[in-house]
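Load the model and keep the sequence beside it. We will go from the overall count to the sheet, then to the helices around it.

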Amino acid sequence: MVAISREESMLLIRHAISACLNEGKNQKELAELLGVDGSRISEGKIGKWKLSPSQRQMVIDNYGYPRRGKGLYIKAEVYNSVSDFIADYDESSKKRFKHRMYELVTRKDYQKMILSYVDKASVEANSDSVLKEADISIIESLLSQPETKIWYDSKKSWSNVKSNLEKRKCDNNFELLLNSVGISSLKKRYPHVDHFQEMIYRISQFKFELMPEFSLNNQADVRSIELKEFVITSDEIIEMNIPCSELSFNDAADILGPRDELYAFEFFSDNGNRFITSKAGINCKPDNWGSFEFKLYLSENMNYHLWIRLCDYAERRDPDAVELSRNIMIKDLCHINYLKEIEIIRKWCDLPYDICESIKINVAKVGGYVPGAEVL
């Protein structure tokens, strides 16, 4: 059995004394229960003696565990160190986005919205099946055409150049692609007449860049990053909030190109007015971090925990939007090396100043260990 810390022993002894008094008993009776001399209880209250693992369990069995201080509930990814999180950042960002995109393109309401652009009268019967109206098999047919990859590569290349000639050529290729699956025309009732092409482009981008095996005909198990539940009751030592607008690591989330061109990921109402997809219960855009926050905690048993929170721009603008932040928990940091973890964050965020001085001051205030400092 693992020995308990001095702080937890003090907490349990004080809790047991209070419980005994409420039952009309005294410290001597508590000492008899624990099998120790009465003086041990007084010593235990101030940390000069501590419970054994079996005595700890005896207190819990008879009086329960003391109520914790007020806590903060979060769901977070867990990493062993800041370096592990940074090393996994690019890959985990892609995994998060892949999961969200798969959720979107397989939603029935999103598929219905895409098909609403297709003129039912323009859908022609083909040799495989007779289509009385546009259904999702048309989108699957578009994705499976060899010409789709050619069209996608062409559109991807001119999107950075903005050449009108190249755009017209790409539009013509898209019309030929539609004809190849039996679509002769699209509805023109929406203000954004190019929106259907943009949606097909983004779905193609998802397939070609993130999930080559994707098919609307087959379900897949596309998981995001596993989250663990935490209740933080430790003392907060320091909190830092850093704007992300000029931080290079934020570009890693920009998997599919400039964010201002990603309007195809948003739902549109019948009258063409755009509304953010997250309002419909899903965030389907690449991560777009507006701020990088981290908090360092010191627990009663002298363990250091680091909570990193990446906050999305949309969430900052609209508090009612779905939760868009990303939480990372790095727990049980070494009491000697925790400052090195903070220094890794400082370098990753390219901060021009040393934040360790403030941390040392606050650690000393709450009774923590400051590496290298002489205790007088």
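Contact here means heavy atoms within 4.5 Å. Angles run from 0 to 180 degrees between N-to-C directions. With those in hand, take helix α13, residues 356-365. Helix α13 lies across β3, β6 and β7 and runs at about 160° to β3. Keep in mind that this is a predicted model.

Now step back. The protein has 13 helices and eight strands. Of its 376 residues, 45% count as buried. The accessible surface comes to about 20,500 Å². Carbon and sulfur atoms account for 48% of that surface. Consider contacts between residues at least 6 apart in sequence: 73% of them join residues at least 24 apart.

Next, the sheet. In what order do its six strands run? The order is β2-β1-β8-β7-β6-β3, in an open sheet with mixed pairing. β2 and β3 (235-243) stand at the edges, each with a single partner strand, so one side of each has no neighbour in the sheet. From one strand to the next, the twist averages 35°.

Look at strand β1, residues 72-78. Which way does β1 run relative to strand β2, residues 228-232? The two are antiparallel, joined by five bridges. Within this pairing, Ala76 has Lys228 in β2 as its bridge partner. With strand β8, residues 326-333, β1 pairs in the parallel sense over two bridges. Glu77 stands opposite Ile328 in β8, and Val78 stands opposite Met329 in β8.

Finally, a helix pair. Two packed helices are described by the angle and the distance between their axes. Apply that to helix α2 (residues 27-34) and helix α3 (residues 38-45): their axes come within 8 Å and cross at roughly 100°. That makes α2 roughly perpendicular to α3, because angles of 65 to 115 degrees count as such. Which residues meet there? From α2 come Gln27, Leu30, Ala31 and Leu34. From α3 come Gly38, Ile41, Ser42 and Lys45. By class, the contact has four nonpolar, three polar and one charged residues.

Terms used
Residues are numbered from 1 along each chain as its sequence is written. This is a predicted model: local features need pLDDT of at least 70, side-chain atom pairs count only at pLDDT 80 or more; totals for chains, interfaces and linings use all residues. Side-chain values use heavy atoms; hydrogens and water are left out. Helices (H or I, at least four residues) and strands (E, at least two) are DSSP runs, numbered from the N terminus. Angles under 35 degrees count as roughly parallel, over 145 as roughly antiparallel, 65 to 115 as roughly perpendicular and the rest as oblique. Ala, Val, Leu, Ile, Met, Phe, Trp, Tyr, Cys and Pro count as nonpolar, Asp, Glu, Lys and Arg as charged, and the others, Gly among them, as polar. Two strands pair if DSSP finds at least two bridges between them. Buried means under 20% relative accessible area, exposed over 50%, partly exposed in between (1.4 Å probe, protein chains only). Accessible areas come from the Shrake-Rupley method with a 1.4 Å probe; for residues, only the protein chains shown count as cover.
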